[in-house]
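Please look at the sequence and structure before reading on.

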Amino acid sequence: MTTNTSKARQSNNLDATLSLNPVFVRPGEATEFDKFSLPAGPSLPETAYQIVHDEAILDGNSRLNLATFVGTWMDDEAKKLYLEAADKNMIDKDEYPATAAIEDRCWRMLADLWNVPDKNDTIGTSTIGSSEACMLGGLAMKRLWQEKRKAEGKSTDKPNLIMSAAVQVVWEKFCNYWDVEPRYVPVSRDHIILDGYNLEDYVDENTIGVVSILGQTFTGLYDDTIAISKKLDEIQEKTGLDVKIHIDGASGAMVAPFCQPDLVWDFQLDRVNSISTSGHKYGLVYPGVGWVVWRNTAVLPESMIFHVSYLGGDMPTLALNFSRPGAQVLLQYYQFLRLGFEGYRAVQQNSIDVATYLSSEIAKIGPFELVSKGDTIPVFAWVLKDGHTDTWTLYDLADRLRMKGWLVPAYPMADDMSDVILQRIVVKVGLSRDLASSLLADIKGEVAFLESLTVPLPDSPGSGSHFHH
C-alpha cells in the first residue's frame, strides 16, 4: 500500500523503483530499491557508491556549465586538502582554533586588498556564500539606521533599500526576510547599470542604504559606484540625509583589484560601509564560501556580534549560519598562498581574454548584438538583432547547445526591459581557449541550422526562461 505522497512521487518520476545492473550486485544484496523509502538493510559501500555515481552522471559535465558563476575546478592539492578538512565545522572556533585563525587571516587579506582605511580597525567574517554575506551587509545597514532613528526619537517602521532592478535575487530575499521595502531603480537602454540617475527620487529619511553591484548577474557589467557616491553627496548637501553603500562584489570584488586596479569602487570611497564577495566564484574555491568586510568596527552594530571563547580569549562571530564547512575556508587560504596577487591577476585576466575572444567572435555572427563584452568580470551577454527572425529564438539556441553538452542560458532582462531576451556566457578558470573554440564552432553550427528553418521548431518555448540566475 502506498501513501498519496508516494503516489504523487511515482507519477512525477514514472518509476519509483531503482533497479541495479546485475554486474554491480553482490550475493545477498537487494537488486531493487524504492527511491523514496529508506532501504531495510545495508549495502556494500561499492554498491552504494556505484548507484549514486551513476545517478549523478545525468548532471552532465560541470565544466561545460556556462550558466553558473560557481567554481567547477581546483587542482589536485586542493582536492586533497578538501578531503582532509571535510569533517571540520567552521562554527566550532574553540575546537578548531587553527581553522578559526585562518578564517581571520583571509578576511583581513581581503580588507587589505579592498583598501580598508585602518587595518587595525575593521571586522569581517566568512559565510556560506555571498548571499549570506549580502544578508549580513544589509542587516548591518538596517541596524545602524534603526539605532540612529531611535536616538533621534523617530519611527523605525518603514526602512527601505535602494538597488538596481537588475539586482541578484538575494536582495529580494533580504528585503522580504528582514521587512525592508525594496526600491528598485529601473534599468533602461540608456541606464542599464545603477549610475546615480534619478537617485534623489528614491532616497528619503527611511533609506538604510544603496546597493552597488560589482558585476551584474544579467550582463557582467559594473554599477558606477563613483557616480552613485557623488549623487549621494549631492543629496546629503540638499537634505542632510547621509546614506551609505554596500558593494555586492559577489564576482567583481575578486576580479577588479587584479585586472582593473585603477578602478575606484571599494573602501577608497568614504560612503562604502561594507563589501561582500563569493569565495566560490572568482575567489576560485569550490562551493560554498563567501566573505564580508566592514570599513571599521563602528559600522557593524554590536548587536550583531556574538562572542565565543577562543584560546582563552574572545573571538567575535556574526555569521547567520551555525554549522557549516570549514574546508572551504582552508581552500580559500590555500588559493591565496598558492596564487598570490600575481597568480590571481593571471588567472582572472586569462578568463577575461577568453571572454573577450568569445564575445568578439559571437558579435561577428550575423544574428547577434552584444550587450556586454566580458571586459569587466569575464561574463558577457548578447541579444538577437531586432527583426532578424521569427522562426527561432535564443531559447531555441540554448536548447540546441544543451544537446551538445553546453549550458548557455537564455532569459529575460530585468524589469522595464523584460521584453529583451539575453543569452549569457560565464567564463571561469576551467574554460580554456581550446574549449572556447569548440563552443564557438558549436554555436556557429547550431545558428546555421536554426537559420535554415522555414517554420518555427515544434514546441518552441518562444517566451519565458530556462534559467533562473
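Which residue in β6 is the bridge partner of Leu 161? The partner is Gly 209. Keep in mind that the model is predicted.

**Strand β6 and its neighbours**

Strand β6 spans residues 207-213. The strand is mostly covered, with 7 of its 7 residues buried. On one pairing, β6 is joined to strand β4, residues 160-164. These two strands run parallel and share 3 bridges. The Leu 161 and Gly 209 pair belongs here.

Strand β6 also pairs with strand β7, residues 245-248. This pairing is parallel too, with 4 bridges. Within it, Ser 212 stands opposite Ile 247 of β7.

**Arg 149**

Is Arg 149 buried or exposed? Its relative accessible area is 7%, under the 20% cut-off, so Arg 149 counts as buried. The residue sits in helix α5, which covers residues 130-151. The side chain of Arg 149 makes a polar contact of 3.5 Å with the side chain of Asn 206. Leaving aside residues up to four places away in sequence, Arg 149 touches Lys 154, Ser 155, Thr 156, Glu 205 and Asn 206.

Strand β13 runs over residues 379-384. It is mostly covered, and 6 of its 6 residues are buried. Val 379, Ala 381 and Val 383 point one way from the strand. Phe 380, Trp 382 and Leu 384 point the other way. Both sets are buried.

Two antiparallel pairings involve β13. One is with strand β12, residues 368-370, over 3 bridges. There, Glu 369 has Val 383 of β13 as its bridge partner. The other is with strand β15, residues 421-426, over 4 bridges. In that pairing, Phe 380 stands opposite Ile 425.

**Strand pairings side by side**

| Strands | Sense | Bridges |
|---|---|---|
| β4 and β6 | parallel | 3 bridges |
| β6 and β7 | parallel | 4 bridges |
| β12 and β13 | antiparallel | 3 bridges |
| β13 and β15 | antiparallel | 4 bridges |

Note on methods:
Residues numbered from 1 in each chain as written. Predicted model: local features only at pLDDT ≥ 70, side-chain atom pairs only at ≥ 80, totals over all residues. Heavy atoms only, no water. Buried < 20%, exposed > 50% of the residue type's maximum accessible area, 1.4 Å probe, protein only. Pairing = 2+ DSSP bridges. Polar contact = N/O pair within 3.5 Å; in protein donor to acceptor, adjacent residues only side chain to side chain. Contact = heavy atoms within 4.5 Å.
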